[in-house]
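User: I am new to this structure and would like to learn how its features are read. Could you take me through them one at a time?

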Amino acid sequence: MQKLRLVLPILLLVAAIGIAVFLLPGKKNEMVKEEFFAMDTVMDISLYPTKDTDEKPDVIMAELRDRIYEMERELSVTKPDSDICKLNAASGNGEWIPVSEDAWELISEAVAVSSETKVDGYATFDPTLYPIVRLWGFTTGTNRVPGGDEIKKELEKVGFGNIELGSDPNKREVRLAKGAEMDLGACAKGFLSDALCEIMKKHKVNGIVSLGGNVQSVGTKEDGESFSVGIVDPKDGQTLTEVIRQDRDQAVVTSGNYERYFEKDGKRYHHIMDERTGAPADSGLASVTVVGPRGVLCDAYATALFVMGEEKANEFLKSHTDYHAAFIYEDGYKKGFEIQK
């Protein structure tokens, strides 16, 4: 799923289709910034070398770029040769599909998060909601409001229990029950940002990555100041409503109801689906921002907490004390932004 766009005061994101590269010459002590298009979103990476950085920034950037494209090839739900597309194509035929280490790790993580975010017997984060998202036209480009019988039929294919992981992690085999399909878009960018930050730590370079609304940092800026992330006001999608100052090595992810939506008969329908109804989640929230140490969990939790609503979300967070959330309601009321302090 696409995430609510975050605007970084310290990074100027250029909305562009295709690839736009801004790469400074390769001196070892120079900041390097690159902006391009991958995983169906604009991505922005800035690197700030330290005295301990062991490689030229542009060489590190090339390694990061290669990692992004590698994961895109493995995890895309639209590229026919990806692990996810192969799994979806083999749905229900009983065949075990071997997947890459990345796909195995992320699928395993997604199943675990689905299990821990259940409310009243339903997962508020579930990678098998892909048939429902497609039914509403969010993957086809032809949005529509489906009928109740259509929704009921597609919901029969939904449930993270339809994902079966092989018993031997060395073989990394997965299969899906009949009709089941998965899309890891609601956690893949967080998983990717974790991987990119590990590469940055390996080379002892500070920096920040913005992957279409998933923002994660390593260290600080050149002047020692923390990175800051601006949260967009859901009412207009442009102005900043809050700014969160990141601690070292944190991720900030926002899920919102306005980035992907359509209107029909005066009503707005967004892309964050509720497994209980097979329709857009109606929790009274316009956006949820999650801050924590792991991008993949911030990504998944942002979706889950949006579907839960604030009351159940806060109950969930009591047992996940490394993660904090802030809420913006549909009426504009804001709560929880003290996390920036």
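User: How are helix 3 and helix 7 oriented to each other, and what is the reasoning?

Analyst: Two packed helices are described by the angle between their axes and by the distance between those axes. In this predicted model, helix 3 (residues 101-116) and helix 7 (residues 295-308) pack at an angle of about 45°, and their axes are 11 Å apart. Angles of 65 to 115 degrees count as roughly perpendicular and those under 35 as roughly parallel, and helix 3 and helix 7 are therefore oblique to each other. The crossing in which helix 3 passes helix 7 is right-handed.

User: Which residues of helix 3 and helix 7 meet?

Analyst: From helix 3 come Leu106, Glu109, Val113 and Glu116, and they meet Val296, Leu297, Ala300 and Tyr301 of helix 7. Sorted by class, this contact of helix 3 with helix 7 has six nonpolar residues, two charged residues and no polar ones. As a general idea, an α-helix has 3.6 residues a turn, so residues three or four places apart point the same way.

User: How do helix 1 and helix 3 lie relative to each other?

Analyst: The reading again starts from the angle and the distance: helix 1 (residues 57-75) packs against helix 3 at an angle of about 65°, with the two axes 9 Å apart. Since the range for roughly perpendicular runs from 65 to 115 degrees, helix 1 and helix 3 are therefore roughly perpendicular to each other. Their crossing is right-handed. On the side of helix 1, Arg67, Glu70, Met71, Glu74 and Leu75 take part, and they meet Asp102, Ala103 and Leu106 in helix 3. By class, the contact of helix 1 with helix 3 has four nonpolar and four charged residues, and no polar ones.

User: What span should helix 3 have, and which of its residues are buried?

Analyst: At 1.5 Å a residue, the 16 residues of helix 3 should span 22 Å, and the C-alpha atoms at its ends are 23 Å apart, which agrees. The buried residues in helix 3 are Asp102, Ala103, Trp104, Leu106, Ile107, Glu109, Ala110, Val111, Val113 and Ser114.

User: How many residues of helix 7 are buried, and how far does the helix reach?

Analyst: Helix 7 is mostly covered, with 14 of its 14 residues buried. From first C-alpha to last, helix 7 reaches 20 Å, which is close to the 20 Å expected for its 14 residues at 1.5 Å a residue. Just after helix 7 comes Gly309, which takes a positive phi of about 90°.

User: Which residues other than glycine have a positive phi, and where are they found?

Analyst: One of them is Asp120, whose phi is near 55°, and Asp120 is found in the loop between strand 5 (118-119) and strand 6 (122-123). Asp120 has a relative accessibility of 63% and therefore counts as exposed, the cut-off being over 50%. Lys204 likewise is not a glycine and has a positive phi of about 55°; Lys204 is found in the loop between helix 6 (185-202) and strand 9 (205-211). With a relative accessible area of 46%, Lys204 is partly exposed.

Notes: Residues are numbered from 1 along each chain as its sequence is written. This is a predicted model: local features need pLDDT of at least 70, side-chain atom pairs count only at pLDDT 80 or more; totals for chains, interfaces and linings use all residues. Side-chain values use heavy atoms; hydrogens and water are left out. Axes are lines fitted to C-alpha atoms, for helices over the stretch in contact, and angles run from 0 to 180 degrees between N-to-C directions. Helices (H or I, at least four residues) and strands (E, at least two) are DSSP runs, numbered from the N terminus. Angles under 35 degrees count as roughly parallel, over 145 as roughly antiparallel, 65 to 115 as roughly perpendicular and the rest as oblique. A crossing is left-handed if the near helix is turned anticlockwise from the far one by less than a right angle, and right-handed if clockwise. Contact means heavy atoms within 4.5 Å. Ala, Val, Leu, Ile, Met, Phe, Trp, Tyr, Cys and Pro count as nonpolar, Asp, Glu, Lys and Arg as charged, and the others, Gly among them, as polar. The expected span of a helix is 1.5 Å times one less than its number of residues. Buried means under 20% relative accessible area, exposed over 50%, partly exposed in between (1.4 Å probe, protein chains only).
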